[in-house]
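Grab a pencil and work through the exercises below. Try each task before you read its solution.

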Amino acid sequence: MGRDTIADIITSIRNAEMNKKETVRITSTNMTENIVKILLQEGFIENVRKHRENHKYFLVSTLPHKRTGKGIQKTILKRISRPGLRIYSNYPQIPKILGGMGIAILSTSRGIMTDREARRKGTGGEVLLYIW
């Protein structure tokens, strides 16, 4: 039985935000590196660096703390496709999250990309998670 690395990313970020931590440590794989790179590009995390410890690589990410009038604004991550139930979407049916305010991350034949990139390139794939 393999580990669900995407769920580990979501859980780590969610727990760090609840405990008001500034950094998150995530096990480094090709998929997690690509997802974290998208999160960095979209502004959901501030900084990423690769760290080696005991012959294992980890990604250490810095979370932004956005202050609003009601406190700290939280990033909401929702896992869509999971190991027990894969969700695929072809090009015309790629979902728009909150009318385009959020993003969906897809795993396509051309790599892991956001919903906007997939629509622009005209490719569909497995819907991994939603972020808003």
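**Exercise 1. Is Arg79 buried or exposed?**

Solution. A quick word on the model first: it is predicted, local features need pLDDT of at least 70, side-chain atom pairs count only at pLDDT 80 or more, and totals for chains, interfaces and linings use all residues. Residues are numbered from 1 along each chain as its sequence is written, and side-chain values use heavy atoms, with hydrogens and water left out.

Step 1: get the cut-offs. Buried is under 20% relative accessible area, exposed is over 50%, and partly exposed is in between (1.4 Å probe, protein chains only).

Step 2: apply them. Arg79 has 18% relative accessibility, so Arg79 counts as buried.

**Exercise 2. Find the salt-bridge partner of Arg79 and say which parts of the chain the pair ties together.**

Solution. Step 1: recall the rule. A salt bridge is a side-chain nitrogen of Lys or Arg within 4 Å of a carboxyl oxygen of Asp or Glu.

Step 1: look for the partner. The side chain of Arg79 meets that of Asp4, at 2.7 Å from N to O.

Step 2: As for the labels, helices (H or I, at least four residues) and strands (E, at least two) are DSSP runs numbered from the N terminus.

Step 3: Asp4 comes out as partly exposed, at 23% relative accessibility.

**Exercise 3. Work out which residues of α1 are buried and how they are arranged around the helix.**

Solution. Step 1: check the helix span. α1 has 14 residues and reaches 20 Å from its first C-alpha to its last, close to the 20 Å expected at 1.5 Å a residue. That expected span is 1.5 Å times one less than the number of residues.

Step 1: pick out the buried residues. They are Ile6, Ile9, Ile10, Ile13, Ala16 and Glu17.

Step 2: look down the axis. The buried residues of α1 fall within an arc of 140°, so they line one face of the helix. The arc here is that of the directions from the helix axis to the C-beta atoms.

Step 3: see what lies over them. The cover includes β1, α2 (30-42), β6 and β10.

Step 4: carry on past the end. Asn19 is in the loop between α1 (5-18) and β1 (23-27), and is exposed at 55% relative accessible area. Lys20, which follows α1, has a positive phi near 55°.

**Exercise 4. Which residues make the nonpolar surface patch of about 430 Å²?**

Solution. Step 1: name the members. They are Ile76, Leu98, Met101 and Trp132.

Step 1: look at two of them. Met101 is in the loop between β7 (88-89) and β8 (103-108), and is exposed at 69%. Leu98 is found in the loop between β7 and β8, is exposed at 54%, and has a positive phi of about 50° although it is not a glycine.

Step 2: recall how patches are built. Members have over 30% relative accessible area and no salt bridge; like charges are joined within 9 Å, nonpolar side chains (Val, Leu, Ile, Met, Phe, Trp, Tyr) within 5 Å. Areas come from the Shrake-Rupley method with a 1.4 Å probe, and for residues only the protein chains shown count as cover.

Terms used. Contact means heavy atoms within 4.5 Å.
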